[in-house]
Amino acid sequence: MAEKMERGKSEMREQNIIEDIPQPDLVAAFPKIKEESKDLQRKKEVDKMKQLQAALEEQMEEKEKEKRVAREHLLNNEQERLKRLDELTKKEESDLREKKKTLKQQYQTELERDIQCKALNKMNEKRLEAIEKE
């Protein structure tokens, strides 16, 4: 029987299944190995959570950057729109000033013509009266 156990142990050693640890030491080491296994599992989970958190933070930073870029784009568009609107307003004001000037000139011209016409009418009336008296 002892010979069978020795043979089984030697076969296991050849297969690298167990080392030269006496059987009672294996039993005593099992809770420690189990605890180390749990610790390793926790570490893996913590590392995985840290990686997920880092990835999430990176995504959030990327989203924030995209939002910032979008806001800047909208702001630039709004500034361009306001600039164009200001240019149009200035052009319209200039056009209105020009139109006002033109209308004022037209009014002045018509007023002068009206005055000349009245003066001619008076002269013609006086001539007509002078002709009728003759």
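Asp114 counts as partly exposed, at 39% relative accessibility, where partly exposed covers the range between buried, under 20% relative accessible area, and exposed, over 50% (1.4 Å probe, protein chains only). The model is a predicted one, in which local features need pLDDT of at least 70 and side-chain atom pairs count only at pLDDT 80 or more, while totals for chains, interfaces and linings use all residues. Residues are numbered from 1 along each chain as its sequence is written, and side-chain values use heavy atoms, with hydrogens and water left out.

Asp114 forms a salt bridge with Lys118, with 3.9 Å between the closest N and O atoms; the term stands for a side-chain nitrogen of Lys or Arg within 4 Å of a carboxyl oxygen of Asp or Glu. Because Asp114 and Lys118 are 4 residues apart in helix 2, about one helical turn separates them. Lys118 is exposed, its relative accessible area being 52%.

The whole structure holds 7 salt bridges, and the table lists some of them.

| Salt bridge | N to O distance |
|---|---|
| Asp114 and Lys118 | 3.9 Å |
| Glu35 and Arg42 | 4.0 Å |
| Arg71 and Glu64 | 3.6 Å |

Glu35 and Arg42 also belong, together with Asp39, to a network of salt bridges. Glu35 is partly exposed at a relative accessible area of 38%, and Arg42 likewise counts as partly exposed, at 43%. In the pair of Arg71 and Glu64, Arg71 is partly exposed at 48% relative accessibility, and Glu64 is partly exposed at 37%.

The chain has 2 helices and 0 strands, both kinds of element being DSSP runs numbered from the N terminus (helices H or I, at least four residues; strands E, at least two). Of its 134 residues, 0% count as buried. The accessible surface of the chain comes to about 13,500 Å², with 55% of it belonging to carbon and sulfur atoms, as computed by the Shrake-Rupley method with a 1.4 Å probe.

Surface patches are made of residues with over 30% relative accessible area and no salt bridge, like charges being joined within 9 Å and nonpolar side chains (Val, Leu, Ile, Met, Phe, Trp, Tyr) within 5 Å. Tyr107, Leu111 and Ile115 form a nonpolar patch whose accessible area together is about 310 Å². Leu111 is placed in helix 2, residues 23-133, and is partly exposed at 31% relative accessible area. A patch of negative charge gathers Glu57, Glu58, Glu61, Glu62 and Glu66 on the surface. Glu61 lies in helix 2 and counts as exposed, at 56% relative accessibility.

Note on methods: Lys and Arg count as positive and Asp and Glu as negative; His and the chain ends are not counted. The place of a charge is taken as NZ of Lys, CZ of Arg, CG of Asp or CD of Glu.
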